[in-house]
Protein chains: 2
Amino acid sequence: MERLPGFRDFYPEPLPHADVWSADARQFIFNRWRETARRYGFREYDGPPLESLELFTTKSGAEIVGQLYNFVDKGERAVSLRPEMTPTLARMVAAHERNYKKPVKWFAIPQLFRYERQQKGRLREHFQFNADILGERDPAADAELIALLIDTLRSFGLTAHDFVIRLSSRNAWQEFYEVRRRKAEGRSDANAQYEFFQAIDKMERATLEESEKKLAALGFSLADVNHFIESGKPTAELESILQNLAARGLREFVRVDYHVIRGLAYYTGVVFEAFDATGEFRAIAGGGRYDNLVKLISGGKVDLPALGFGMGDVVLLELLKARSLLSKFDSPMDVYVVIEDENLRRPSLKLVHDLRVAGFAVEFPLTPLKPDKQFKRAQELKVANTVRMESADYVRIRDFKTRDEIVAGANDVANHLSRKS
Amino acid sequence: MERLPGFRDFYPEPLPHADVWSADARQFIFNRWRETARRYGFREYDGPPLESLELFTTKSGAEIVGQLYNFVDKGERAVSLRPEMTPTLARMVAAHERNYKKPVKWFAIPQLFRYERQQKGRLREHFQFNADILGERDPAADAELIALLIDTLRSFGLTAHDFVIRLSSRNAWQEFYEVRRRKAEGRSDANAQYEFFQAIDKMERATLEESEKKLAALGFSLADVNHFIESGKPTAELESILQNLAARGLREFVRVDYHVIRGLAYYTGVVFEAFDATGEFRAIAGGGRYDNLVKLISGGKVDLPALGFGMGDVVLLELLKARSLLSKFDSPMDVYVVIEDENLRRPSLKLVHDLRVAGFAVEFPLTPLKPDKQFKRAQELKVANTVRMESADYVRIRDFKTRDEIVAGANDVANHLSRKS
């Protein structure tokens with residue numbers, strides 16, 4: 001029996017096959033995400049991986065259903081595996097916002113699911129670090145969030161040579177759109193602005209001709225758009241964010257880049273994306289302001305400004321591998337307890353247990369095994385020490401690197417061992 | 001919009017409502033599970049939360065479908081959210097077992113899903129610590145696994161006064177069944193043994209009359225069954241496990257109890273359950289040998305003896321709360337940086353960032369805030385220290401418990417601060 005296409009199996013390292021993923025690397029990434037969030041005062045939350053379908057269509061419209069793992073459950077409810085975390089966050093915050101001081105700074109590490117029929121071979125799930133700030137309109141919140149994004153990437157050893165945050169503004173584009181539209185007397189129907197934003201979003205991947213045609217149909221000139229992008233003049237809001245980040249010593253990680261606009265309809269202010277410096281990979285992370293979403297999801301009951309970003313595990317992992325920043329995780333054991341004399345198995349079991357209680361990661365032969373095989377196993381496990389009972393009272397401790405050996409009392413072993421973790 | 005019935009929202013502490021769960025307590029439990037597994041040399045794995053329906057019906061028969069979150073996906077595949085981890089483990093191990101040394105010692109912390117229509121108000125998902133050993137027939141593997149179970153519970157502060165492992169044996173019951181059936185010339189159809197095991201499994205929750213009736217229908221006498229249970233005589237296999245655990249100093253946590261038989265059809269040898277000592281709660285954990293499952297799931301390709309246990313987060317959490325062993329997790333911040341003079345905001349931002357880079361969890365007012373409100377916020381956050389810039393070069397550090405204050409150079413703050421974590 002096979003796993004479903006687009007899903008991943010996570011195995012312990014060393015990995016048995018190129019087709020599977022490392023559970024150890026995944027946990028390493030999750031730990032770094034959690035640790036950086038902790039330093040920034042972001043608190044963890046989580047919601048159900050399964051939600052009512054309506055939660056997602058309310059935010060994104062009925063057209064999202066084609067990309068969802070949705071079904072009708074045995075209680076006749078229309079439900080869906082979550083394709084993103086923000087609707088759940090908005091639902092949760094709206095339900096209990098009065099109990100939390102503003103701004104709310106929360107993070108989560110959900111697994112997200114998208115069923116895209118056409119994309120064979122592409123993943124249908126990934127894990128995503130989501131960090132959000134709710135209840136603060138000031139750009140200081142945007143700066144705090146972007147600083148978290150930068151330090152999260154730095155926590156993996158990535159530097160300003162490896163990645164850049166491209167900072168942009170829906171407000172700036174909004175103003176551009178409204179001023180030019182009036183001048184050009186272009187289309188003014190409800191969809192025109194959304195289509196314009198989509199055209200900008202796709203410019204970097206489209207040909208000049210395609211962009212020119214699309215923009216012209218909406219009443220805009222490509223030259224005009226390009227001129228605005230190339231000017232790169234920060235709005236007052238962006239300027240304030242840049243200065244805030246500069247005060248923290250993080251200015252070099254950010255540049256204003258109006259190519260970025262984020263396709264999704266719900267962004268309302270500052271938007272940004274993290275890219276690797278060479279441009280080989282898809283975006284590492286993306287986010288921005290969505291000041292109207294909580295109100296929408298709560299049916300008008302709660303109105304909270306909000307902003308957030310998402311960082312997936314897949315592109316991050318590719319980038320860390322490419323930059324040789326991902327360790328091997330194939331040797332987590334500290335100690336191998338050798339049992340040479342089966343008469344000493346009982347006190348050896350006691351020793352194994354005492355060392356584990358003392359915090360060491362300890363392996364030993366569950367059943368009788370030839371000494372050379374035990375030695376080989378210790379070698380494979382890359383333990384720091386082997387420990388062998390010489391009698392019920394004394395043990396021989398060997399440093400596996402230096403090959404130094406010492407003899408110690410059976411109750412005094414822990415003090416002589418090196419710890420890996 | 002509401003979450004689906006039977007699913008949980010996890011919030012940061014302090015919790016806003018009795019109806020929601022603590023994301024912090026969840027992470028605390030996961031950390032302990034991981035940490036104990038690490039000391040025992042168990043490696044982490046994970047599979048997809050969505051699998052082909054066939055994986056689960058192959059193991060448990062078509063009747064399990066009534067309890068599943070199953071549906072047909074957009075590619076016409078019959079799929080299901082996982083109700084348990086063992087079939088995925090068997091699939092994964094069978095696919096790549098040649099790349100791993102035996103015994104394989106693996107763990108996972110999956111979220112599991114069951115749609116049980118009749119049980120209103122009951123949870124439809126939970127998290128479960130799964131630990132398994134594959135590739136070792138000797139009872140030494142059973143002892144190693146049970147030792148892990150015991151030390152996992154002990155890592156939460158639970159003692160031999162709080163819980164007990166009830167150890168039993170399918171083999172012993174199998175022998176009982178075969179010997180008595182021959183004597184009594186009872187039913188010998190294929191289902192009879194399964195029904196007998198089910199009757200034993202339900203005895204503790206059924207009335208005497210119910211059990212008597214059920215057993216009689218299968219050709220057994222209740223008195224005979226009770227006599228076997230009360231004898232409590234360990235088989236040679238159980239005796240070997242008890243001695244192994246005794247050598248580790250863990251004998252007091254285990255007792256032979258033939259009431260335990262585990263309802264599931266796939267167990268083949270030793271079985272066990274962890275219960276709280278007072279019997280107020282449902283089982284904390286349960287497991288046993290399932291030597292035939294890998295062969296079944298792999299279609300006969302791989303034959304590996306195996307054993308494992310599962311420990312859910314819900315009963316464990318109830319027990320830890322009842323025994324006052326669960327901390328509050330409402331004050332994870334180390335430092336609050338007070339900004340009294342807005343002219344010092346820029347160097348204060350630098351200080352915030354430096355301290356975060358040094359590993360401290362730091363909060364500060366994102367926007368101008370009256371000093372008394374900042375002090376109140378620091379108090380709510382239960383920080384160890386506040387830090388306030390006196391000038392661009394000097395800061396005043398206050399110990400929030402002792403109220404002692406010192407003045408330090410702006411680049412020397414980290415050395416004067418207390419860490420919570």
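**Two chains and their contacts**

Modeller: In this predicted model, 75 residues of chain A are in contact with 76 residues of chain B.

Biologist: How do the residues on the side of chain A that touches chain B divide, and how many are nonpolar?

Modeller: On that side of chain A, 13 residues are polar and 28 are charged. The remaining group, the nonpolar residues, numbers 34.

Biologist: By what kind of axis are the two copies related?

Modeller: Chain A can be laid on chain B with an RMSD of 0.1 Å, by a turn of 180° together with a shift of 0.0 Å along the axis. The two copies are therefore related as by a two-fold rotation axis.

Biologist: In the open sheet of three strands in chain A, which are the edge strands?

Modeller: The strands of this sheet follow the order β4-β6-β5 in chain A, with antiparallel pairing. An edge strand here pairs on one side only, and this holds for β4 (50-52) and β5 (70-72) of chain A.

Biologist: Which residue of β6(A) is the bridge partner of E51(A)?

Modeller: Three bridges join β4(A) to the antiparallel strand β6 (residues 78-81) of chain A. The partner of E51(A) in β6(A) is S80(A).

Note on methods: Residues numbered from 1 in each chain as written. Chains lettered and ligands numbered in written order. Predicted model: local features only at pLDDT ≥ 70, side-chain atom pairs only at ≥ 80, totals over all residues. Contact = placed C-beta atoms within 7 Å. Nonpolar A, V, L, I, M, F, W, Y, C, P; charged D, E, K, R; others polar. Least-squares fit on C-alpha atoms with pLDDT ≥ 70 in both. Pairing = 2+ DSSP bridges. Helix = DSSP H or I, 4+ residues; strand = E, 2+ residues; numbered from the N terminus.
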